[in-house]
Protein chains: 2
Amino acid sequence: MGILDGMRVVEGSAFVAVPLAGMTLAQMGADVIRFDRLQGGLDAGRWPVTRDGQSLFWAGLNKGKRSIAIDMKHPRGREIITEIITAPGEDAGLFITNLRVRGWMDHETLSARRPDLCMVTLMGDRHGRPAVDYTVNPAIGFPEATGPEGSTEPVAHALPAWDCIAGNMVVSALLAAERKRLRTGQGSAVDLSLKDVAAAMLGHLGIIGEVEVNGVSRPKSGNALYGAYGQDFLCADGERVMVIGLTDRQWRGLLNVTGTTEDMAALETRLGESLRDEGARFRHRHAITEVLRPWFAARRLADFAAHFDEAGVTWSIFRDFARAVAEDPDLSLDNPMFSRIEQPGIGTFKVPGTPFSFSSEPREAPRAAPALGAHTEAILGDVARLPDSEIAALFDQGIVQQAPASEVQLAC
Amino acid sequence: MGILDGMRVVEGSAFVAVPLAGMTLAQMGADVIRFDRLQGGLDAGRWPVTRDGQSLFWAGLNKGKRSIAIDMKHPRGREIITEIITAPGEDAGLFITNLRVRGWMDHETLSARRPDLCMVTLMGDRHGRPAVDYTVNPAIGFPEATGPEGSTEPVAHALPAWDCIAGNMVVSALLAAERKRLRTGQGSAVDLSLKDVAAAMLGHLGIIGEVEVNGVSRPKSGNALYGAYGQDFLCADGERVMVIGLTDRQWRGLLNVTGTTEDMAALETRLGESLRDEGARFRHRHAITEVLRPWFAARRLADFAAHFDEAGVTWSIFRDFARAVAEDPDLSLDNPMFSRIEQPGIGTFKVPGTPFSFSSEPREAPRAAPALGAHTEAILGDVARLPDSEIAALFDQGIVQQAPASEVQLAC
């Protein structure tokens, strides 16, 4: 069920972006079929893993999909994947991939079988060369703008942000291509690259303009909000909080709750500048921080947290992952996005469904990720439409497997 | 032109996520109408700005849209926005927003005018409370997992990653809702929150499982690739590079090009463990780095760059934004995604179009962002369908403006 109910998408993938795209579609109700080689994809054992070596990463990024395990070195295996990708159905013929396979699995070959195929291919860079989030990010400059002010050490982000962005763009591209097919009957091949996604964002955020028009390469500014006011503060109990004065309303609210309106007016007189101007707040952020610092240093979190919330201050605590998972109500079962479900081979833990709430559909609980090859037999039957006798022969010949006994499987 | 040609989307927004969503749709060919109050939205002067105070941020995130400036405190202004959002057209009735307006601009009121409206609303958190990228990120734990190993200082990311992800999800949600409407005639209200987007990703990436199943809160690991091998190295000429050994092929390739295969075999003997196992590579990353470090320390970038590329090594240089914009071919006009275009009021600089390449559509050059209110008159005519006499009266009464003479306008 879900808003994409009836849509069938085939996914040939590994790692973050395209698996995330397929899972996003699955959590919106599409039937997403991920195919992998018999021993599992390149991400079958990707960290984090449990003490038994079961991949929590694989479990996280493949929720709600169906899985087929097949020997793609065997000609019949390749033929079957081709049949699955190009199988009939008005809402089928949709393929997303980040595998670079020339020949049998490229758009030219596949669209000869199904001319209205919509296929989205994510590459490393625009020439098809390898690139990953960990290389794209330093290439375009973010690590040099991240971390403590004045430091010369580049700091890479811990979130694979470019992958997460690109994965969601794969979803958009597929839906846009299918929209056109629905109106015109025409299929599409859509290409994008992780590097281009990042390069474009550098422009969209104004950073290329900042370099070319202003001649400025944005330096590190620690945990400060860029371009207005926002800063982290240590409290008397060792807690750290982030407070925001981005908009005029947020700024005035922050001064109100901390009782610093007069002190800030005195600062404005000293500076000869109004801090109602967001740029002035950024330029004078250190002076502002000196005014606010004693207020936070003298208080424990509990002294002001409820008051900040009531006053509508835009603020947050800093927590590590464990504390966030334990304490944050938005990461708890109080949030209808989360359910505690059993992931075979791993155990029971909190799992998110889609962040979307569609008025036209009930919110669905997340489904577990499949064991590798868990749906091989079903997919050979209901999608590839092979007769039972051939399916049996494929298993006998070892061309396909159902939940194989390999170290990379998820289920016990 | 573009794959979404004919679609009309109305945007009521500010800052990164929803403007990015609208711009992404505009760069795919949709007619995207952003409405703002007369003095411009909350992001009208968002940094980076030029020396004249023109916002490069606004210019970056509103490319290719049409802009109408209207007094929404005036009842007629509100009525006109309602008419624009609910205007007829099979491919219209699409509205994206991150403004929290109860009453005249909520889904209940708007859908009474156009029952098949598809409306996507991005909120701060799921309760509608304020949250921004700078607060969501510390709340869920990434700053505590970012930065030098062993440090206790949290490091916030410089890229507004959650905004960029959420913005692309707004695109997906709108396209999914419109897909359903095309099949059933039924509209949708879709809600999502920035906090939920981040909370869900924490689960998708396996981090919630890592906490709940393994009892581990992932610590900082500097610029190392998590869970396999990838590390930054300083070269003899002061350049810094990132090299990746995530997959087995990348790992063997890295040892090959650095001639460290035998040294690494000796290390494996010493450790009593195979480094063909990706987890072992992560656990022993410091020992691996000690083997590789002298190789890079003894060489200048030029000594190995071409060889690395030829051998297909997954690697990158670290550059700041200015160097990236100046040197990286993917950020140059050699990349068909970029054009040098004139942004009125700002000047001429490199601007990205969409990272998507659709086989069914020619690649379009990016269009500049509109000056605030640049299309007021046209939109009042061709969308709101007001007679010329009323349009003239609206201008006379100051309810609408065309490129107003305010400090936040973009055009001269």
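Two rings of Phe, Tyr or Trp count as a pair when their centres lie within 6.5 Å, with the six-membered ring standing for Trp. Keep that in mind. What we have here is a predicted model. Over all chains, it holds 34 aromatic pairs.

Let me show you one of them. Take Tyr229(A) and Trp251(A). Their ring centres are 5.8 Å apart, and the planes meet at 65°. Planes over 60 degrees apart count as edge-to-face, so that is what this pair is. Where do the two residues sit? Tyr229(A) is in strand E7, residues 229-234 of chain A, and Trp251(A) is in helix H9, residues 248-258. Buried or exposed? Tyr229(A) and Trp251(A) are both buried.

Staying with aromatics in chain A, there is also a cluster. Its members are Phe233(A), Trp295(A), Phe296(A), Phe304(A), Phe308(A) and Trp315(A).

Now chain A as a whole. It has 16 helices and 13 strands. Its C-alpha atoms fill a box of roughly 85 × 45 × 45 Å along the principal axes. Of its 412 residues, 64% are buried. Look at contacts between residues at least 6 apart in sequence: 68% of them join residues at least 24 apart.

One helix deserves a stop. H3 of chain A covers residues 75-85. Eight of its 11 residues are buried, so the rest of the structure largely encloses this helix. Which ones are buried? Arg76(A), Gly77(A), Ile80(A), Ile81(A), Thr82(A), Glu83(A), Ile84(A) and Ile85(A). Note that the list includes Arg76(A) and Glu83(A).

Over to chain B, and a helix pair. H5(B) spans residues 133-140, and H6(B) spans residues 161-184. They pack at an angle of about 105°, with axes 8 Å apart. Angles of 65 to 115 degrees count as roughly perpendicular, and H5(B) and H6(B) therefore fall in that class. Who makes the contact? From H5(B), it is Asp133(B), Val136(B), Asn137(B) and Ile140(B); from H6(B), it is Ala161(B), Trp162(B) and Asp163(B). By type, the residues of this contact are four nonpolar, one polar and two charged.

Last item: arginines over rings, again in chain B. Arg46(B) lies over the face of Phe57(B), 5.7 Å from the ring centre. Arg285(B) lies over the face of Phe282(B), and here the distance to the ring centre is 4.1 Å.

That's the tour. Questions, please.

Terms used: Residues are numbered from 1 along each chain as its sequence is written. Chains are lettered from A and ligands numbered from 1 in the order in which they are written. This is a predicted model: local features need pLDDT of at least 70, side-chain atom pairs count only at pLDDT 80 or more; totals for chains, interfaces and linings use all residues. Side-chain values use heavy atoms; hydrogens and water are left out. Buried means under 20% relative accessible area, exposed over 50%, partly exposed in between (1.4 Å probe, protein chains only). Helices (H or I, at least four residues) and strands (E, at least two) are DSSP runs, numbered from the N terminus. Rings of Phe, Tyr and Trp (its six-membered ring) pair if their centres lie within 6.5 Å; planes under 30 degrees apart count as stacked, over 60 as edge-to-face and the rest as tilted. A charge sits over a ring if NZ of Lys or CZ of Arg is within 6 Å of the ring centre and within 35 degrees of the ring normal. Axes are lines fitted to C-alpha atoms, for helices over the stretch in contact, and angles run from 0 to 180 degrees between N-to-C directions. Angles under 35 degrees count as roughly parallel, over 145 as roughly antiparallel, 65 to 115 as roughly perpendicular and the rest as oblique. Contact means heavy atoms within 4.5 Å. Ala, Val, Leu, Ile, Met, Phe, Trp, Tyr, Cys and Pro count as nonpolar, Asp, Glu, Lys and Arg as charged, and the others, Gly among them, as polar.
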